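Open the model in your viewer and keep the selection tool at hand. We will go stop by stop.

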Amino acid sequence: MHAFPTDYDQYAATYAWTRWAVPWVVEPLARVVDGLPSGAAVLDVGCGTGNYARALSEHRADIVCAGFDISKPMLREAAARPSRARFVVGDASRAFPCRDRVVGLAFAVDVIHHIERLATFFVEAARVREWARSVWEAYASQQDLARAWMRAAIAGVSSRR
Ligand SMILES: C[S@@+](CC[C@H](N)C(=O)[O-])C[C@H]1O[C@@H](n2cnc3c(N)ncnc32)[C@H](O)[C@@H]1O
């Protein structure tokens, strides 16, 4: 699949005040986090402005939450809000900025339609996992998912012309 262009660098400030962690995404993630031991690491892949890493670090104070994203402006917005979560730059189509087998849960919300190399994404997610946890990808609604795949498909077709 070919990644379609995004404007998250330009959109970061607007994203920061128009998007937040929605309960129907946080709740299932929080249930997985509840099963992790104290001190476990949670990785938010394509964390954007950090909404979900922040929400999970508030949900459980004894876990370590980190997020990475390809967009520095999105990460600046993430770092601008008080949080115990840490944010770094990284490309989820390439090597995750993370050592082997240190992560209790890796998840991505509304991200994989941007990923140029999905195989690398899943190989990296498996590499960093400490236990056999699943990788999550959540969308706000089925309509959002359909729209995301539609955009990716259209971009894929146009790039082959
Ligand atoms: C719709 S936003 C979702 C942000 C966050 N997960 C959330 O739900 O609020 C998509 C994010 O994916 C990031 N992104 C796109 N391609 C990426 C890549 N190859 N590696 C890491 N992040 C990427 C964008 O910069 C953007 O922050």
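Which residues are exposed on the other side of helix 5? Select Ala119 and Val123: both are exposed there. Keep in mind that this is a predicted model.

**Helix 5, the buried side**

Now select Phe121, Glu124, Ala125 and Val128, which are buried in helix 5. Look down the helix axis: these buried residues fall within an arc of 105°, so they line one face of helix 5. In general, an α-helix has 3.6 residues a turn, so residues three or four places apart point the same way. Next, show strand 1 and strand 4. The buried residues of helix 5 pack against these two strands.

**The core**

Select Val42, Leu43, Val45, Tyr52, Leu56 and Ala106. They have the most contacts inside the largest nonpolar core, a set of 38 residues. Colour the elements that give two or more residues to this core, among them helix 1 (8-18), helix 2 (23-34), strand 1 (41-45), helix 3 (51-59) and helix 5 (118-128). Strand 4 gives the most, with five residues.

Stay with Leu43. What does Leu43 contact, leaving aside its neighbours within four places in sequence? Show Ala66, Cys98, Val103, Ala106 and Val128: Leu43 is in contact with each.

**The ligand**

Last stop: centre on the ligand. Around the ligand are 20 residues. Pick out Gly46, Gly48, Ser71, Ala92 and His114, which are the closest. Then colour the shell by class: nine residues are nonpolar, seven polar and four charged.

Methods
Residues are numbered from 1 along each chain as its sequence is written. This is a predicted model: local features need pLDDT of at least 70, side-chain atom pairs count only at pLDDT 80 or more; totals for chains, interfaces and linings use all residues. A residue is near a molecule or strand if its C-beta atom, placed from the backbone, lies within 6 Å of it. Ala, Val, Leu, Ile, Met, Phe, Trp, Tyr, Cys and Pro count as nonpolar, Asp, Glu, Lys and Arg as charged, and the others, Gly among them, as polar. A nonpolar core is a set of buried Ala, Val, Leu, Ile, Met, Phe, Trp, Tyr and Cys residues joined through C-beta atoms within 7 Å. A residue is buried if 20 or more other C-beta atoms lie within 10 Å of its own, exposed if 12 or fewer, and partly exposed in between; C-beta atoms are placed from the backbone. Helices (H or I, at least four residues) and strands (E, at least two) are DSSP runs, numbered from the N terminus. Two residues are in contact if their C-beta atoms, placed from the backbone, lie within 7 Å. The arc is that of the directions from the helix axis to the C-beta atoms.
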